[in-house]
Amino acid sequence: MKFGIFYEHQLPRPWTDGEEHKLFQDALEQVEVADRLGIDFAWEVEHHFLEEYSHSSAPEVFLAACSQRTQDIRLGHGIRQVIPQYNHPARTAEVIATLDLVSNGRVEFGTGESSAELELGGFRIPVNRKRKIYLEATEQIANMLAMDPYPGYKGQYFEMPCRNIVPKPVQRPHPPLWVACSQRETIRMAARLGIGALTFAFVDPAEATEWVEEYYSIIKSDACVPIGHAINPNICMVSSFSCHHDRELAVRRGLDGFEFFAFALGSLYAFGTHKPGRTNLWEQYTQMRDAQRAENPVDITNALSGSRGGIGTPDDLREHLLKFEACDVDQVTFIQQAGNNKHEDICESLEIFAHEVMGEFKEREPERERKKMEELQPYLEAAMARKIEMEQLPDDEIPTFMSLGRRVSEDSKKEKSIYEQA
């Protein structure tokens with residue numbers, strides 16, 4: 001298995017001057033630490049208006065900064081919002097290609113559409129059509145990255161004329177495509193489209209087996225028709241994370257942040273209401289937490305079960321991760337920056353994990369990956385053969401566009417001529 005770290009840039013209230021600055025600087029340092037330790041991926045979300053839960057509205061800036069402070073770690077948009085009202089498809093293609101160039105080909109292009117009313121409503125995106133808009137935009141962004149020139153497109157939700165989108169990425173035809181998945185049906189969609197599944201649902205390892213088996217069964221079936229110009233057959237699952245030799249200390253350091261993450265996610269996406277600039281999610285969470293713990297005090301054994309299995313000693317994490325490895329999960333990415341989790345504790349957890357747990361999984365990874373791709377190769381070739389490619393324009397059909405200055409000048413001459421004739 002491969003391993004990643006995942007960022008929402010969470011910042012619970014109350015806020016004081018300098019906290020956002022420290023949050024971002026700490027995160028940059030954490031990515032540096034992860035790169036030095038040999039962790040494979042750093043994922044960064046794009047969210048808008050989701051106070052406390054995510055202050056990450058410009059992931060391309062953060063990832064570009066990471067690219068100049070690291071050497072090997074893959075830099076993942078986990079995800080970039082690709083619906084045109086968020087980001088015009090041509091701008092997304094330009095951003096992805098530029099980041100790939102400045103990072104020396106280390107970009108993972110995660111895509112998504114969001115399901116938060118604050119985001120969708122803020123950009124006036126119709127909820128009942130967002131999936132169709134997402135599919136149209138994602139396909140065209142892949143075409144823009146791969147084609148020279150992009151022949152232009154007029155669809156139901158997006159259109160633009162022929163242009164050559166530059167620069168082009170280091171990774172050809174484009175960086176690996178992923179999609180954020182919080183439900184089983186989105187996993188199925190990822191497989192049908194031939195793209196990686198970033199599963200942001202806290203799935204128990206026993207349930208993970210079903211998700212992985214279904215994903216790869218679709219990849220191998222006639223239902224897989226790639227949306228991009230290459231297939232990225234991978235499934236990544238998130239896990240809680242806090243590692244220390246003292247189990248109680250690991251729980252104290254990591255459990256509160258993880259539970260706030262889950263509470264804020266539920267409130268913003270499922271059951272809560274939000275008044276911009278005024279709702280205090282951390283206060284709501286602590287009130288709920290204190291009431292629950294007064295009734296049912298924290299039991300450390302119970303605290304490490306299910307989705308909390310990434311919190312504990314190195315042996316606890318090893319046991320937790322072996323279950324995911326047995327399910328053939330390709331990557332586990334850790335939610336280590338959550339709630340009020342401290343920077344120093346995060347770095348120490350990463351150090352302990354890398355030195356005492358990660359090595360055995362990394363040793364098995366090359367052979368696992370080789371066998372997987374060897375088995376998948378005929379299915380991937382068959383899937384690519386099913387893709388209906390966008391036709392490249394012949395040179396004599398590529399339109400010519402007049403510069404604005406020349407057009408204004410010629411229009412002015414025409415108007416003058418008509419006036420003189422009159």
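Is N104 buried or exposed? In this predicted model, local features require pLDDT of at least 70 and side-chain atom pairs count only at pLDDT 80 or more, while totals for chains, interfaces and linings use all residues. Residues are numbered from 1 along each chain as its sequence is written, and side-chain values use heavy atoms, with hydrogens and water left out.

N104 is exposed, at a relative accessible area of 65% (exposed means over 50%, buried under 20% and partly exposed in between, with a 1.4 Å probe and protein chains only). N104 lies in the loop between α3 (89-102) and β4 (107-112) (helices are DSSP runs of H or I, at least four residues, and strands are runs of E, at least two, numbered from the N terminus). Its phi is positive, near 60°. Most residues other than glycine have a negative phi, and most peptide bonds are trans. H9, in the loop between β1 and α1, also has a positive phi, near 55°, but H9 is buried, at 0% relative accessibility.

The loop between β1 (2-7) and α1 (19-37) also holds P14, which is joined to R13 by a cis peptide bond with omega of about 0°. A cis peptide bond, again with omega of about 0°, links V166 to P167; P167 is in the loop between β6 (159-160) and β7 (177-181).

R289 is located in helix α9 (residues 281-295) and is buried, with a relative accessible area of 14%. The R289 side chain makes a polar contact of 2.6 Å with that of D256 (a pair of N or O atoms within 3.5 Å; within protein, one must be able to donate a hydrogen and the other to accept it, and residues adjacent in sequence count only if both atoms are side-chain atoms).
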